[in-house]
Structure formats: C-alpha cells, structure tokens
Amino acid sequence: MLDMNKLDIAKRAQILHLLVEGSSLRSISRVADVSINTVTKLLVDAGTVAAAYHDQNVRGLKSERVQCDEIWSLCYAKQKNVADAKSAPEGAGDFWTFTAIDSDSKMMIAWEVGSRDAYSAYLLMEDIQARVKGRVQLTTDGLTAYVSAVEGVFGGDVDYAQLVKHYGAEGGKSPERKYSPAVCLGATKSPVTGNPDEAHISTSHVERQNLNMRMGMRRFTRLTNAFSKKIENHCHSLSLYFLYYNFVRIDKTLKMSPAMAAGASDRLWSMEDVVALIDARDQRKLSVKKTKLIR
C-alpha cells in the first residue's frame, strides 16, 4: 500500500471524494489501495482546514430565509448501551447535529454537534448571527429549545416561526413496520417573533439536506457498524462534507455551487482545491518551524 507522504494530489483528491460520497474508511482503503490510517489522517487534515476556512470566510452572507433542523447520530454506542460498552471513550452515546441552511442559495451556513438541548440550539443561533447580515426569516421545527435560543441571540431582530409536524403511528404488525417512517398527518405554522411570511415558513430544504448528509457521510447511515467511533473524527467528517457541499458540489437546481449562489465564491472549486488548503497549511507550519530554528 502507498504511504500518504508520497501520495500525489490526484490520489488525495480521490480519497476525499470517496469520503463525501458515502464510502466507509475501510472501503476507501481498499479502493484507493492505501492504509486505513492514511485515510483517517487525510480526513483529520482535511476536516481541520475545512473548518478553519468555513469559520474565516463564510461571513457577511445576505441570507433572507434560514431553515434549521437537527439530525441524530451516535458515537461508539447508543446512549442506552454506553454503560455496558467496553472501553467507551469520552463523548460516547447519542448526539445531534444542528444545521442551518440558506433556503435560497442552499448554502450550509452553520452547524453544531451536541445534545438536543437549549445550549446546542443557542450555539447554533450565535453562529448564524455571526455569519449573516441584515434581518432574516428563520424557521425551525417544534423543538422548545429553539424559542429561548432565538430570543437570547436575536432578541426581536428576527422574523421567527416554527413548523410543527404531526405524525401518526404506522399501522400493521409486520416486521417491516420498524423500518417505515411515521405517517405525517399535517403541519402547523406557528409565528413566534416578528412578522414571518407564512408562505416561507418551511423546513423542506433543511430536511432534504438531512438526507444528503445520510447519503454523503457513511457515519450517518443507520443500522450499520459504520457509525463514528470518535467524536473528533465525526466533526472532521462534517467539516469536510460541508466544505464540499458548499464549494465543490453543483446544485442541480441552481446550476452552480451554493457558495457561488450565496456570493461566498466566484468560481466552482474542485477537490484539488481542498488538497491545496492542506498543503498551504503544512507549508505555513514548516515556515514557522524553520523561523524558530533560525532564532
């Protein structure tokens, strides 16, 4: 197998592509003919530079409508099994990824990994506020934690509403029932703050993004053993995926990347650009090291 120090740009770009297209670490190791440690290290490097780039550059967005939601996942074991799990790391158990998407450009504005509580909701709202300028219309689901979070961060400077969906139980007693989604009986639009436009009280785009996440990151695939074993690597995977989604992937409706539609980029990126971010970071580290040695 090839050593990552000797991997060319094309090979690293291929591995990154596989990471954001639903492949597991071991399957990538087999397909790309590299060790699983090489794949993991590249994920960590890419996730680190992706998070830094998003934090520094995805700001000043002219978003008008933002939708938020949460998606469940697990680390090492489900919460109910953590107590009996062998060598469970810190952070093992259930956790949620809160996401915020620009409804018009489909730009993923912000995300937060944590518990499904008011604290995580508050951190998400703080991040949204720091990245958009001007008044926005915000829609969330019926999670109570959002109400205090929105009030605490935006005060009255937001048009906020909740879309509460009502579900009924799936009928029948067949084994397939456990794999079938609950039946949606309807939804209630509830304005909370400001004057939200009822026609745009929706969570459809962010819920569709949840499907993208489950399809694009193997860690979110349910009923498998591909779930995250370390919370840090889960976060790296999210950062890489959202950089790819925002800057590299073309939205079929918009015919451009979400970042281009949002004005955050003037061109379509490639995975080679992500590799270039890693190389640039490594070059900066090397320059700093040489400077310290000279001193």
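## Exercises on loops and rings

**Exercise 1.** Where does Lys255 lie? Find its place, then look at its phi and its accessibility.

*Solution.* Start with the place: Lys255 is in the loop between helix 7 and helix 8 (258-262). Helices (H or I, at least four residues) and strands (E, at least two) are DSSP runs, numbered from the N terminus. The model is predicted: local features need pLDDT of at least 70 and side-chain atom pairs count only at pLDDT 80 or more, while totals for chains, interfaces and linings use all residues. Residues are numbered from 1 along each chain as its sequence is written, and side-chain values use heavy atoms, leaving out hydrogens and water.

Next comes the backbone. Most residues other than glycine have a negative phi. Lys255, however, has a positive phi, near 65°. Last, Lys255 counts as exposed because its relative accessibility is 67% (buried means under 20% relative accessible area, exposed over 50%, partly exposed in between, with a 1.4 Å probe and protein chains only).

**Exercise 2.** Repeat these steps for Leu223: is this residue buried or exposed?

*Solution.* Leu223 belongs to the loop between helix 6 (204-216) and helix 7 (231-248). Its phi is positive, about 60°, although Leu223 is not a glycine. With a relative accessible area of 69%, Leu223 is exposed.

**Exercise 3.** How many aromatic pairs does a search of the whole structure find? Go on to describe two of the pairs.

*Solution.* The search finds eight aromatic pairs. Rings of Phe, Tyr and Trp (its six-membered ring) pair if their centres lie within 6.5 Å; planes under 30 degrees apart count as stacked, over 60 as edge-to-face and the rest as tilted.

Take Tyr53 and Phe247: the ring centres are 5.5 Å apart and the planes meet at 80°, so this pair is edge-to-face. It links distant parts of the chain, with Tyr53 in helix 3 (residues 36-57) and Phe247 in helix 7, 194 residues apart. Phe247 is buried, at a relative accessible area of 1%.

Now take Trp111 and Phe242, whose ring centres are 4.5 Å apart with planes at 45°, so the pair is tilted. Trp111 lies in strand 3 (residues 108-114) and Phe242 in helix 7, so the pair ties together parts 131 residues apart in sequence. Trp111 is buried at 14% relative accessible area, and Phe242 is buried at 0%.
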